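Please keep the viewer open as you read, and take the points in order.

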Amino acid sequence: MAKAPSKNTGSKSSSSMKREDALKHYRDMLLIRRFEERAGQLYGMGKIAGFCHLYIGQEAVVTGVQACLKEGDQIVTGYRDHGHMLACDMDPKGVMAELTGRADGYSKGKGGSMHMFSKEKNFYGGHGIVGAQVPIGTGMAFSNKYRENDNVCVTYFGDGAANQGQVYESFNMASLWDLPVVYIIENNQYAMGTSVARASAETELFKRGISFEIEGEEVDGMDVYAVKKAAEKAIKYARSGKGPYILEMKTYRYRGHSMSDPAKYRKREEVDDIRTHHDPIDTLKAKIMEAEIADEDELKKIDKEIKELVKEAADFSLDSPEPDPSELWTDVLREVESA
Amino acid sequence: MSIDVLMPALSPTMEEGTLSRWLKQEGDTVSSGDVIAEIETDKATMEVEAVDEGTLAKILVPEGTEGVKVNAVIARLAEEGEDVGDVDDSAPSEAEESQDKADSSDDEAEASDASDASPDDEDADEETAPPEPAAATLKDPQVPEGTSFVDTALRDAIRDAMAEEMRRDESVFVMGEEVAEYQGAYKVTRELLQEFGPKRVVDTPITEHGFAGLGVGAAFGGLRPVVEFMTFNFAMQAIDQIINSAAKTLYMSGGQMGCPIVFRGPNGAASRVGAQHSQDYSSWYAHVPGLKVVAPYDAADAKGLLKAAIRDPNPVIFLEHELLYGESFPVPDVEDYVLPIGKARVRRPGKDVTLVAHSRMVGYALQAAEKLAEDGIEAEVVDLRSLRPLDTDTVVESVKKTNRIVTCEEGWRFMGVGAEICATVMNEAFDYLDAPPTRVHQKDVPLPYAANLEALSLPGTADIIEAAKKVCYV
């Protein structure tokens, strides 16, 4: 019997907002926003090269999901990954230094924007091949089940990756073996320049698990509380041993696919409308003010702190040296321990 | 203090652009994310968004200006609380450094040549790559004198290796199509399910790309998967996960993310199964840094090398041969027989010509050596066993003695294993060669089904003998 997918739209939780949580979410989202703006600027200055995919607009998704995780839960995502790393509490300095290709970057400068990891923070990448992180995240869930811990692997992918075959191969095995994995589809409406409608026969991506008996929900990915509410449920479900769960986060990226995207496939008005009326940070800010959790001055203080934090990260990333030439040959293979 | 707005590089190759239009005018307030101008890059018209907040105090580059260098100051913002009139409207000289470090270039040279995607490209050009570190010297363990040898079929030796490692380490598990209930498509995993149960012997759906990736994730998660491909022909569905995820992640993570996984299964031609089921992937995988590639010939090597592969902290491609599964070879009856990966084995000493082979071709090379001996040619047979790392020392040493080499592989010649070995020999033993290095290989066609054409396509003993005689000028 197929489990019916359901829709979960919006939240009415502002009345029950806890001060500590609300300000943390505000801070976390703002850090991602300011970090990404700075990364964009450094790219413009030639300090960051190659591909650089910014997360601006989608901040509520990782922020809300991360709030529901516990120690040992793993995160894996695709190449639009800076936000996920910051949400995992990775050091902005190390992330920015990786973007500038320096020795103090998380991958010693050898990975770049799309390939960063922190085992310590349970962040497993940062994968550059669209959809490849989905079997990998499913495999980490397999290892959780195998070791009989009660950790969950949160596996993020975009609306573009949702059309890759390996995603469905993973859905099948995850459901067949009841693996503790939550699939978060970050539907930001465009796979590079192709809208969901132009690429997907079924545009309601939360239904993509139906043939595999995986429950799915659509979530307002611009509302951190809606994200949190849905993620709590999905993660609890996976953690309890019932198997995978799909959350489709309806979100939006403000910037182009990567830095060199002139974004001619959508109208400026569309972007402006979302920014003006649905911005996740502005929305939360309004809720905070409305609930009288904090006033303008207090929020401004947070803004200033974040700005300083990001500036420090940027300075650090430019001061850090390039990797030593000897690093060219390291980390290709691990040494075999003598038997 | 005012904030400089710089001409951004909005593509990896952009050096300069046209400032086509200002969308904000002097005196307008801007907040981060606002589009303030449009520029034309080498590829497209792009919007310039403000990063900082403030009032657009001065426009320094009027719209319509062509050839604006990347990182030139195009405008200045007055910060909140700053008087617009106080903002300096002189264009800075290139040497002038901005106060805000993150907004500035490191030095004058970069400011004027900031078009490079990497600011330090110039340095990089002068920097020479350090030499590749030398490979460690490896040695096979000594089999104690008096050890008995047990005749074991190749498939059983492989099974024994897996079973021993599964007993030794809880984190080792086997997954693949038909590995459990069916007991293995080629009976290589026979009785593993009975001993270890379905948790550790996992039947997968027919979903190579998916389970290869799942295996990689399980390895990242701390397990040691042994992933069986029913044949390596089907691993082409999974090759992205093998190369991009398993092989490259250690490097891309700066050494954090090891991927201890074994991908194993039969490789190369079986018998009369046609082109799609009969390909030798030796050179494909051996091409890739971050992988180890093992292709044993006999049962003892298969056992010792598979045990090493399972213990190895790196991804290992373990290429077996279906047509050898049923062949029996003596396997030393010692506890924990583990061989080093990356060491060739001289299977037959000789002084006249070196025959280099791996996997099933080793058998043909040995047969050829027997025949050649009847004609007075003493061939030295080097069994590579491992293709990456490749034991070039053993090959080169042999060639220095015999002065002639024939490489033998079941795969195609073009860009193949033999090509690599011949190039190595010419680099490292050129002066020792008395004849051009010669290659034996499959004909450069997809493997045909018809018995006669299949036989004509595949290399065998006769081809090796012919090639050996040719390099010996006999």
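1. Ground rules. This is a predicted model, in which local features need pLDDT of at least 70 and side-chain atom pairs count only at pLDDT 80 or more, while totals for chains, interfaces and linings use all residues. Residues are numbered from 1 along each chain as its sequence is written, and chains are lettered from A and ligands numbered from 1 in the order in which they are written.

2. Domains. Chain B is divided into domain 1 (3-114), domain 2 (151-332) and domain 3 (345-471); such bounds come from an automatic or database domain assignment. Between domain 1 and domain 2 of chain B, the C-alpha centres lie 56 Å apart.

3. A four-stranded sheet. You will find an open sheet of 4 strands in chain B, ordered S1-S8-S6-S3, with antiparallel pairing. Strand S1 (3-6) and strand S3 (29-30) of chain B are at its edges with a single partner strand each, so one side of each is left without a neighbour in the sheet. Strands here are DSSP runs of E with at least two residues, helices are runs of H or I with at least four, and both are numbered from the N terminus. Two strands pair if DSSP finds at least two bridges between them. Strand S6 (residues 54-59) and strand S8 (residues 73-78) of chain B pair in the antiparallel sense over 4 bridges, and B:Lys58 has B:Arg76 in S8(B) as its bridge partner.

4. Strand S2 (residues 16-22) of chain B runs antiparallel to strand S4 (residues 35-40) of chain B, joined by 4 bridges. S4(B) is also joined to S5(B), again antiparallel, by 5 bridges. S4(B) and S5(B) form a hairpin with 4 residues between them.5. A seven-stranded sheet. Another open sheet of chain B has 7 strands in the order S11-S10-S12-S13-S15-S14-S20, with mixed pairing. Its edge strands are strand S11 (201-203) and strand S20 (386-388) of chain B, each pairing on one side only. Neighbouring strands of this sheet are turned by 20° against each other on average, direction ignored. Strand S10 (residues 172-176) of chain B pairs with S11(B) in the parallel sense over 3 bridges, and B:Gly176 stands opposite B:Asp203 in S11(B). H5(B) packs on the sheet, touching S10, strand S12 (224-228) and strand S13 (262-266) of chain B, and its direction makes about 165° with that of S12(B). For such angles, axes are lines fitted to C-alpha atoms, for helices over the stretch in contact, and angles run from 0 to 180 degrees between N-to-C directions.

5. An enclosed strand. Why is strand S19 (residues 379-383) of chain B described as largely enclosed by the rest of the structure? The reason is that 5 of its 5 residues are buried. A residue is buried if 20 or more other C-beta atoms lie within 10 Å of its own, exposed if 12 or fewer, and partly exposed in between, with C-beta atoms placed from the backbone. Both faces of S19(B) are covered, with B:Ala379, B:Val381 and B:Asp383 buried on one side and B:Glu380 and B:Val382 buried on the other.

6. Partners of S19(B). Strand S17 (residues 345-348) of chain B runs antiparallel to S19(B), joined by 3 bridges, with B:Arg345 and B:Asp383 as bridge partners. Strand S18 (residues 353-357) of chain B pairs with S19(B) in the parallel sense over 5 bridges, and here B:Leu355 has B:Val381 as its bridge partner. From S18(B) the chain crosses through helix H10 (residues 361-374) of chain B to S19(B) in a right-handed β-α-β crossover. Right-handed means that, with the strands pointing away from the viewer, the path from the first strand over the helix to the second runs clockwise.

7. B:Ala302 lies in helix H9 (residues 299-311) of chain B, and it counts as buried because it has 31 C-beta neighbours inside 10 Å. Leaving aside neighbours within four places in sequence, B:Ala302 is in contact with B:Leu154, B:Ala157, B:Ile158, B:Pro296 and B:Glu320. Contact means that the C-beta atoms of two residues, placed from the backbone, lie within 7 Å.

8. Where the chains meet. The contact takes 67 residues from chain B and 58 residues from chain A. On the side of chain B that touches chain A, the elements giving two or more residues are strand S5 (45-49), helix H5 (208-220), helix H6 (239-247) and helix H7 (249-252) of chain B. H5(B) gives the largest share of that side, 10 residues. By class, the side of chain B that touches chain A has 30 nonpolar, 27 polar and 10 charged residues. Ala, Val, Leu, Ile, Met, Phe, Trp, Tyr, Cys and Pro count as nonpolar, Asp, Glu, Lys and Arg as charged, and the others, Gly among them, as polar.
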